[in-house]
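Here is a short walk through one structure. Keep the sequence and the 3D view open as you read.

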Amino acid sequence: AMIICSHFTGTSGREIIATVDCEGTLIEQYHQALDFITSRLIKSSSFKNTVREDTLEIPLIAIREALLNAIAHRNYMIKAPTKIAIYDNRIEIFSPGQFPGPIDLENLRAGITYLRNPALCKILRELGYIEKLGSGIITILDSYEESGLATPQILEGKNHVKCILPREHKNALPQTDEERILDLLSSLGEITTRDIQKLLKVSRATALRRVENLIENGTLEKIGKTRSVRYRRIISS
């Protein structure tokens with residue numbers, strides 16, 4: 001098991017600025033990944049009673065909780081690394097394996113948990129990295145709400161869970177549906193109509209209209225036929 005951290009230019013992930021492979025024990029991987037993430041983010045400074053205080057652009061506690069969730073709950077039977085991608089507008093933490101047990105997005109927000117790796121969670125809790133099981137997602141959402149940032153997303157795909165931590169405030173200009181589709185493509189490489197429906201929370205017909213717009217302007221291409229149809233971005237030469 002390892003964690004691969006990468007910092008990309010822009011929002012599409014085409015050019016890497018910096019990357020690091022976090023290896024060693026899981027605790028060592030956690031600290032290496034946390035150091036890399038925080039070193040790539042924007043910091044602001046203020047002085048209180050002559051003491052300088054540095055503040056990250058997004059809550060440090062949200063980064064910690066998202067990273068610990070990825071380590072504690074990933075499927076270690078899948079021989080793939082945990083991946084962290086930093087973009088201009090977001091951080092994505094990509095964890096191998098789907099939600100363990102009877103867990104979905106709604107009961108995650110309610111604090112319900114199901115342990116895939118109980119021994120690991122016990123160790124992390126005894127070492128003080130986890131305070132209360134099931135509180136991580138709530139802590140992430142609450143810290144973002146208090147900071148006035150756009151709401152984080154938790155997406156479940158085929159054999160992976162992805163946590164997206166926005167770097168934008170709520171009053172930032174909203175993305176168009178097409179921009180959101182392209183952001184999803186930058187993470188997954190290929191997507192289906194069903195992926196677009198889940199992302200935009202729209203009907204199949206609406207999802208097809210959105211993707212057809214991107215096909216017509218030469219941004220996307222269609223792969224496969226009938227139920228196996230997928231879409232991917234056309235890379236200009």
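Which residue in S11 is the bridge partner of Ile223? The partner is Arg230. This is a predicted model, in which local features need pLDDT of at least 70, side-chain atom pairs count only at pLDDT 80 or more, and totals for chains, interfaces and linings use all residues. Residues are numbered from 1 along each chain as its sequence is written, and side-chain values use heavy atoms, with hydrogens and water left out.

Start with the sheet around that bridge. Strands here are DSSP runs of E with at least two residues, helices are runs of H or I with at least four, and both are numbered from the N terminus. Two strands pair if DSSP finds at least two bridges between them. Strands of a sheet pair through backbone hydrogen bonds, either parallel or antiparallel. In this open sheet, 3 strands follow the order S9-S11-S10, with antiparallel pairing. S9 and S10 stand at the edges with a single partner strand each, so one side of each has no neighbour in the sheet.

Now take the two pairings in turn. Strand S10 (residues 220–223) joins S11 over 4 bridges, in the antiparallel sense. The hairpin of S10 and S11 has 6 residues between the strands, and Gly224 takes a positive phi near 85 degrees there. Strand S9 (residues 190–191) pairs with S11 (residues 230–233) over 2 bridges, also antiparallel. Here Glu190 has Arg232 as its bridge partner in S11.

Helix H8 (residues 204–216) lies across S10 and S11 and runs at about 115 degrees to S10. Such angles run from 0 to 180 degrees between N-to-C directions, with axes fitted as lines to C-alpha atoms, for helices over the stretch in contact.

Next, look at Thr193. This residue is found in helix H7 (residues 193–200). Thr193 has 6% relative accessibility, so it counts as buried (under 20% relative accessible area; exposed is over 50%, partly exposed in between, with a 1.4 Å probe and protein chains only). Beyond its neighbours within four places in sequence, Thr193 is in contact with Arg204, Ala207, Leu208 and Tyr231 (contact means heavy atoms within 4.5 Å). A polar contact of 3.4 Å links the side chains of Thr193 and Tyr231. That term means a pair of N or O atoms within 3.5 Å; within protein, one must be able to donate a hydrogen and the other to accept it, and residues adjacent in sequence count only if both atoms are side-chain atoms.

Turn to the rings. The structure holds 2 aromatic pairs. Phe8 and Tyr87 are stacked, at 5.3 Å centre to centre and 15 degrees between the planes. Rings of Phe, Tyr and Trp (its six-membered ring) pair if their centres lie within 6.5 Å; planes under 30 degrees apart count as stacked, over 60 as edge-to-face and the rest as tilted. Phe8 lies in strand S1 (residues 3–8), and Tyr87 sits 79 residues apart from it, in the loop between strands S5 (82–86) and S6 (90–96). Both Phe8 and Tyr87 are buried. Tyr30 and Tyr129 have planes at 85 degrees and centres 5.4 Å apart, so their pair is edge-to-face.
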